[in-house]
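Dear colleague,

Please find below the structure that I am handing over to you, followed by an account of what was found in it.

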2 protein chains.
Amino acid sequence: MGGARKLTVDLGERSYPIYIGEGLLDEAGVRLAEHGISKKSPLLIVTDNRVAERHLGRLEALLRESGFTVASAVIPSGEASKSLSRLEELVGAALERGLDRKSAVVALGGGVVGDLAGFVAASYMRGIKFVQIPTTILAHDSSVGGKVAVNHPLAKNIIGAFHQPELVLYDLDTLQTLPEREVKAGLSEVVKHGLIWDAEFVAWCDANAEKLLALDPEALGYALYKGCSVKAAVVSKDERENDLRAILNLGHTIGHALEAVAGYGELLHGEAIAIGMVGAARLAVRLGAPEDVYRVTKRVLARVGLPVRLPSHLDTDAIMSAMMHDKKFQEGAITFIVPVAVGKVEINKSVSTALIREIVEELKQEAVEA
Amino acid sequence: MGGARKLTVDLGERSYPIYIGEGLLDEAGVRLAEHGISKKSPLLIVTDNRVAERHLGRLEALLRESGFTVASAVIPSGEASKSLSRLEELVGAALERGLDRKSAVVALGGGVVGDLAGFVAASYMRGIKFVQIPTTILAHDSSVGGKVAVNHPLAKNIIGAFHQPELVLYDLDTLQTLPEREVKAGLSEVVKHGLIWDAEFVAWCDANAEKLLALDPEALGYALYKGCSVKAAVVSKDERENDLRAILNLGHTIGHALEAVAGYGELLHGEAIAIGMVGAARLAVRLGAPEDVYRVTKRVLARVGLPVRLPSHLDTDAIMSAMMHDKKFQEGAITFIVPVAVGKVEINKSVSTALIREIVEELKQEAVEA
């Protein structure tokens, strides 16, 4: 308890707290009760097979000791689980276990579990309560803002809702077993939150990269707190992505296209958007931003072990075409988030596709320091 | 235009108008533009094969003449279309036709089309605009309040959202070809809105039953206006069904159970809830309400051609069990809506299952006037 950080995502009557610290799983029962989760109605924990092995038995036991009625559903880990057929399966589980309108869905896992379980909570009986217990660094991003969704065979995250959790419990202990590549990819969104909002935090990431990569609890707790804080500040001002919230998409215009073209697996999401952020920084300088935007962006990403060069075998035409099929393509224009300084970005709707194509080509030549 | 009635559903920034009148389809282009539907982004009209034959070509042509880009998707008529696989199909159609965040889904049809198309609009890109053009009397009910949903193999309407339309266009001309049985079943919800809120309107329905059954445009327009008004008044006070909105479920506790046990087709929704309303009125008298609650309820429903006796071959145990699996069964108790006078109801959470069982038995003996 002592060292836990608490942050409030300020959304009026939908406000909720995020707790970040060590040993928080042990307090799950108390925290859920404190934040209005009913003990009279059953809970459904949704998790994946990898996380289930490590944490599910313990969480079930802890919640039962606290007086909750607990059911669980385990999905296969991986993006393929974000489908309507999994949604149907989980709704079936919820019905069979007697979940009612006062029940809650608890997401124990990373982004896939959070997105799927969140959409179950958003749509079951037209919306029941939702609790997030993220077990990856990347999930700090999806734990703020209430975006939940499943995929369609033709597009990612295209069927979803805005559904805010009642609370988020971020137990740093669950991050200690993350594979190294996922640690780095998760740090990509952490750094992104600095790049769009907070130059000082970018410098801190640069200075503390080694501690972060070593999963030092104090450094990691601070970084997640800062990352969540930036996102919370943005989301509080624009819950439904009418305008400002778009700045969170720094690096995503190119990044999403890379993921689509590379096929899932070659590039993790965090890796793709790291390359995308270098692209956005290159674009920024071309549009008149100071040179250090590019230099600092590239350096801090490389420091936390992320790729900064676009794999040269990916076809530029395919990348451009994928960009046109994104949700960010609207009424005929691409929305591009462009830095104007370190820690500050702008929404630009008039970047020409010709210029974006040049940047994509340049990214394939990006120098990588030894 | 001249004779159209307009009603506003008052939900703060989600408020929207309902237009009721003859010839409104002809004005669709003007009305949509007037209420903020974009001509730059494509529309998707969702309808069923029966309605498509009569009205789709004309609506498409009218909207195109007004400068909209229009795509259409036709689903098979009937409850089976309210499924996640139809949702996936319609989202695929939306993607293929290039619908973006500024696009709208237009539901042209009855309750099934409205519920399914509404959930497509609620979940596509986490929510785009929605327009309803109801073509049945029953749909007056679903056109107010924003409840949209699909079915799960284990339960009706269990996966859904609250998603308000931008506007509702109720063209009385489209009702003229409704089969007689559907006219009567649709009037069941109209009468219900009187029974929960407006004794004078109940008397008006009793006096004007013949005109309503003959689809007299003036009478029908007034009845739909009144029905929508009552629902709008209730929904405005409780958009997300925390409390008051439950009164709209008069007749539904028994009615839903009857539908589930009879199997879809034997009893239409409106017929099942007519029997359920007679049951609620019987229960009311047992709990101390004046005798005329029962007498008036039964008479007005019979006057508009609805069944008031529960088919005796339906098994009482099966009906009771179905009631326990309803969304209205919560934290161990059944929520029952009970009249206290004609035009006034109460929410009662302490009706014993033994008493409900007695009422179900009595409903099988209900006398039917010649």
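Arg126(A) is placed in the loop between H4 and E6 of chain A; helices (H or I, at least four residues) and strands (E, at least two) are DSSP runs, numbered from the N terminus. This is a predicted model, in which local features need pLDDT of at least 70 and side-chain atom pairs count only at pLDDT 80 or more, while totals for chains, interfaces and linings use all residues. Residues are numbered from 1 along each chain as its sequence is written, chains are lettered from A and ligands numbered from 1 in the order in which they are written, and side-chain values use heavy atoms, with hydrogens and water left out.

Arg126(A) has a phi near 65 degrees, a positive value in a residue other than glycine. Met125(A) lies in the loop between helix H4 (111-123) and strand E6 (129-134) of chain A, and its phi is positive as well, at about 50 degrees, although Met125(A) is not a glycine. As background, most residues other than glycine have a negative phi. Arg126(A) is buried, with a relative accessible area of 6%, and Met125(A) is buried at 8%; buried means under 20% relative accessible area, exposed over 50%, and partly exposed in between (1.4 Å probe, protein chains only).

**The chain as a whole**

Chain A contains 14 helices and 13 strands. Its radius of gyration is 20 Å, close to the 21 Å that the globule rule gives for 370 residues, so chain A is as compact as a globular protein of that length. The radius is taken over C-alpha atoms, and the rule is 2.2 Å times the number of residues to the power 0.38. Along its principal axes, the C-alpha trace spans about 60 × 40 × 35 Å.

Of the 370 residues in chain A, 61% are buried. Among contacts (heavy atoms within 4.5 Å) between residues at least 6 apart in sequence, 76% join residues at least 24 apart.

Ala280(A) belongs to helix H11 (residues 269-286) of chain A and is buried, with a relative accessible area of 1%. Its C-alpha atom is separated by 6.1 Å from that of Gly251(A), 29 residues apart along the chain. Leaving aside neighbours within four places in sequence, Ala280(A) is in contact with Leu250(A), Phe336(A), Ile337(A), Val338(A) and Pro339(A).

Leu220(A) is found in helix H9 (residues 217-237) of chain A and counts as buried at 0% relative accessibility. With neighbours within four places in sequence again set aside, the contacts of Leu220(A) are Ile137(A), Leu172(A), Leu175(A), Leu212(A) and Leu215(A). Leu220(A) and Ile20(A) are 200 residues apart in sequence and 9.7 Å apart in space, C-alpha to C-alpha.

Strand E1 (residues 5-9) and strand E2 (residues 16-21) of chain A run antiparallel and are joined by five bridges; two strands pair if DSSP finds at least two bridges between them. Within this pair, Lys6(A) stands opposite Tyr19(A) in E2(A). The hairpin has six residues between the strands, and Gly12(A) takes a positive phi near 60 degrees in it.

With kind regards
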